[in-house]
Amino acid sequence: MALLTILNYPDPRLHTVAKPVTEFNAELKRLVQDMRETMYAAPGIGLAATQVDHHIQLIVIDTSKEQNDVLVLINPKIVNQSGVQEYEEGCLSVPGVYESVTRAEHIKVEAQDTNGKKFTLEAEGLLSVCIQHEMDHLKGKVFVDYLSPLKRNRIRTKMMKHAREITRNVY
Ligand code: K1U
Ligand code: ZN
């Protein structure tokens with residue numbers, strides 16, 4: 001298994017729209033395992049393929065306390081939603097930034113597993129927030145896109161400054 005590099009905002013590749021998965025083969029299963037390891041190592045509670053520069057509709061999530069209950073969603077679609085909730089979100093592609101985002105409270109999702117088998121899932125609370133956040137990544141949307149242009153530009157400047165500092169320390 002391998003740890004994958006997570007793209008950092010404002011990398012333009014984070015705005016790529018992911019394509020549906022059509023082949024449920026060994027290569028896909030390896031990517032799922034690598035994403036799972038990368039999410040646990042970060043550490044995070046979710047990871048979208050977009051964030052590791054693979055532009056296919058694949059996400060891994062684990063909101064369990066023990067971090068031993070991974071949920072894999074391939075080609076996910078929200079088929080029903082209700083209510084609203086506000087949650088202070090983080091993102092592995094925007095390290096150190098936490099901001100409140102308003103999303104649906106309850107969602108019903110249709111997805112496929114690594115063998116291509118279809119299933120339905122109902123979620124609320126943190127799991128619902130996390131699924132919506134990861135599905136946004138697949139659409140090329142980062143959670144800071146919900147913030148005001150002023151806040152977003154401040155975050156962009158901070159992230160670019162941080163990236164420059166890292167580069168300067170490496171060379
Ligand atoms: O998509 C991502 O970048 C992962 C992100 C998922 C997420 C968190 C909170 C609200 C919505 C979506 C993260 O995992 S950020 C890190 C984080 O929240 C966390 C890390 C360690 C332990 C517990 C939480
Ligand atoms: Zn994220």
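User: Which of the 13 residues around ligand 1 come nearest?

Analyst: A residue is near a molecule if one of its heavy atoms lies within 4 Å of it. Of the 13 residues around ligand 1, those that come nearest are Ile45, Gly46, Gln51, Leu92 and Glu134. Please keep in mind that this is a predicted model, in which local features need pLDDT of at least 70 and side-chain atom pairs count only at pLDDT 80 or more, while totals for chains, interfaces and linings use all residues. Residues are numbered from 1 along each chain as its sequence is written, chains are lettered from A and ligands numbered from 1 in the order in which they are written, and side-chain values use heavy atoms, with hydrogens and water left out.

User: How many nonpolar, polar and charged residues does the shell around ligand 1 have, and which element gives the most to that shell?

Analyst: Ala, Val, Leu, Ile, Met, Phe, Trp, Tyr, Cys and Pro count as nonpolar, Asp, Glu, Lys and Arg as charged, and the others, Gly among them, as polar. The shell around ligand 1 holds five nonpolar, six polar and two charged residues. H2 contributes the most to this shell, with four residues. Helices (H or I, at least four residues) and strands (E, at least two) are DSSP runs, numbered from the N terminus.

User: Which residues have a polar atom that lies 2.7 Å, 2.9 Å or 3.1 Å from an oxygen atom of ligand 1?

Analyst: A polar contact is a pair of N or O atoms within 3.5 Å; within protein, one must be able to donate a hydrogen and the other to accept it, and residues adjacent in sequence count only if both atoms are side-chain atoms. Here, a polar backbone atom of isoleucine 45 is 2.7 Å from an oxygen atom of ligand 1. Glutamine 51 brings a polar side-chain atom to 2.9 Å from an oxygen atom of the ligand, and histidine 133 brings one to 3.1 Å. On its own, ligand 1 has 530 Å² of accessible area, of which the protein covers 79%; such areas come from the Shrake-Rupley method with a 1.4 Å probe, and for residues, only the protein chains shown count as cover.

User: Which residues coordinate the zinc ion (ligand 2)?

Analyst: Donors are N, O and S atoms within 2.8 Å of the metal (3.2 Å for Na, K and Ca); water is not among the atoms, so sites may look incomplete. The zinc ion (ligand 2) is coordinated by Cys91 through SG and by His133 and His137 through NE2, at 2.1 to 2.3 Å. Along the chain, these donors follow the spacing C-x41-H-x3-H.

User: What does leucine 47 touch, not counting residues up to four places away in sequence?

Analyst: Contact means heavy atoms within 4.5 Å. Leucine 47, in strand E1, is buried with a relative accessible area of 0%. Among the residues that leucine 47 touches, not counting those up to four places away in sequence, are Ile6, Met35, Thr38, Leu92 and Glu134. Leucine 47 and methionine 135 are 88 residues apart in sequence, yet their C-alpha atoms are 9.8 Å apart in space. Threonine 38 belongs to helix H1 and is buried, at 5% relative accessible area. Leaving aside neighbours within four places in sequence, the contacts of threonine 38 include Ala2, Leu3 and Leu47.

User: Where in the backbone is a peptide bond cis, and which residues have a positive phi although they are not glycines?

Analyst: Most residues other than glycine have a negative phi, and most peptide bonds are trans. In this model, a cis peptide bond joins tyrosine 9 and proline 10, with omega about 5°; proline 10 lies in the segment before helix H1 (26-41). The bond from alanine 42 to proline 43 is also cis, with omega near -5°, and proline 43 lies in the loop between H1 and strand E1 (46-48). Aspartate 53 has a positive phi of about 65°; this residue is in the loop between E1 and strand E2 (58-61). Glutamine 67, with a positive phi of about 55°, is in the loop between E2 and strand E3 (71-89). At 32% relative accessibility aspartate 53 counts as partly exposed, and glutamine 67 is likewise partly exposed, at 25%.

Conventions:
Buried < 20%, exposed > 50% of the residue type's maximum accessible area, 1.4 Å probe, protein only.
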